[in-house]
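Please look over the sequence and the structure shown here. The paragraphs that follow go through some charged side chains and their surroundings.

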Amino acid sequence: MIEAAFPQLSSLVIEQVVDLGTTVGVVARTPMAAAACPDCGQLSERVHAYHQRRLADLPVGGRAVVVHLRVRRLVCAALPCPRRTFREQVPALTQRWARRTRQLSALVADLAVITAGRAGAGVLARVGARVSRSTVLRVLMAVPIPALPVPAVLSVDDFALRRGRRYATLLIDAVTHRRVDVLPDRKTDTLTAWLRDHPGVQVVCRDGSAAYAEAIRTAAPQAMQVSDRWHLWANLAKAVEKTAIAHSGCWRQGPVQPDQPLDERTRDRHRAVHALLDQGHGLLECARRLGWALNTVKRYARAASAEELKRPPRYRETLVDPFRDHLRRRRAEQPGVAVTRLLAEIRELGYTGSTNLLVRYLLLALFAEMERTFTAERAANARAVAEANGRHVGRPLAHPADKIEYARPLKAQGHSFGTIASKTGIPKTSLHRYLIGLPVALAEEEPEDVA
């Protein structure tokens, strides 16, 4: 009966099984047989001392099992052997310095590979083996990585360890879709060294990286380089978008679309940038006067007309759009209405799309509403904090015309913006807007007050 409950302990002599409540204790010893010296291999039966080992074993009936094992320290009979004594091991059960049996360690390793630390520790606790998540991770890191054959079709791509800072290279078997290896960076030398250590690759599927292409040509010149499907579609989409933008004049010749606020702002910004450029100002001066980023000024300066800055529509009409008003009205009347109910209602109205399309549409609407609410709350909070500190947040305040007229001669006489702001009470950012186009002549010494 004991052998049926503890088959992994069949190589031991079990003396007693003790019920300890939450755990089951097994008192056992090794058989009185000769053991081989780990250094010279000489068999020995001469006992030098006895030792007690406490090993955690596979749980039984949802309770942890602890094996109290008595092992022998034997004397090596070979005189030339440098090891005088050694402690015997049970090959199928124990290993040096271990506090768990091989069977329990194998179970922890299998769960660690699938579920990792915290989840693995939780599953083990449910079956009766209480192991911390740190131990699960330590066992996982000690598991040797099996040597896989070199794939004939290798997929190479990079991924971000820290976006914009650190990148690594992921190698995938394109046939089985299994991970082959992970390289610490995406440099040419790193991939070249890996390909030289793993010959036999026939086809390499990669992106448009020049570093990867050079590594493949150097270390695996016989391999055929192909572009994967995702990058093909991504590059095609970018090329189509550039072509559509280049021929934007063609699609603008269709039906006249009403101007949007973004179109009016684009024309105003384009007019402002080119007005300053016509006056002989450089790009940096334009950016300083307008208060914009230099790249924004460059984009408007390169466009001959504001129409070139327009982009083709990024989204097309979906099958849900004709029923948008009905969905908004129903969600306003009953915020918790089920999606299945809405689907049945709009299908009666003629909707022919799928359920997933409706769910994605409602989720996008929900996320947009949450973002608008969050933005409004954050703006209100910032405005309250600023007003409490005596600052103004929002659109620029309208300043009296007499102060603006008073600031113009001061600017023409060479006063700095800081001096003009102190005399008129108009902030320097507003002075840049009001005094744009006037000559900038900053004297080394401030002239006398003309007020």
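Helices (H or I, at least four residues) and strands (E, at least two) are DSSP runs, numbered from the N terminus. By that definition, His 432 belongs to helix α16, residues 428-434. The model is a predicted one, in which local features need pLDDT of at least 70 and side-chain atom pairs count only at pLDDT 80 or more, while totals for chains, interfaces and linings use all residues. Residues are numbered from 1 along each chain as its sequence is written, and side-chain values use heavy atoms, with hydrogens and water left out.

What does His 432 touch, not counting residues up to four places away in sequence? With contact meaning heavy atoms within 4.5 Å, His 432 touches Arg 288, Arg 289 and Phe 417. His 432 is also 7.7 Å from Leu 290, C-alpha to C-alpha, although the two are 142 residues apart in sequence.

Arg 289 forms one with Glu 285, at 2.8 Å from N to O. Both residues lie in helix α9 (residues 283-290), 4 residues apart, which is about one turn of the helix. For accessibility, buried means under 20% relative accessible area, exposed over 50%, and partly exposed in between (1.4 Å probe, protein chains only). Arg 289 is buried because its relative accessible area is 8%, whereas Glu 285, with 23%, is partly exposed.

Salt bridges that share partners also join Arg 330, Glu 333, Arg 341 and Glu 345 into one network. Within it, Arg 330 lies in helix α11, residues 324-333. Its relative accessibility is 12%, so Arg 330 counts as buried. The side chain of Arg 330 makes a polar contact (a pair of N or O atoms within 3.5 Å; within protein, one must be able to donate a hydrogen and the other to accept it, and residues adjacent in sequence count only if both atoms are side-chain atoms) with the side chain of Glu 345, at 2.9 Å. Leaving out residues up to four places away in sequence, Arg 330 touches Val 337, Arg 341, Leu 342 and Glu 345.

Another salt bridge links the side chains of Arg 72 and Glu 88, at 3.0 Å from N to O. Arg 72 lies in strand β6 (residues 63-75) and Glu 88 in the loop between β7 (85-87) and α2 (102-127), so the pair ties together parts that are 16 residues apart in sequence. Both residues are buried.

Note on methods. Salt bridge = Lys/Arg side-chain N within 4 Å of Asp/Glu carboxyl O.
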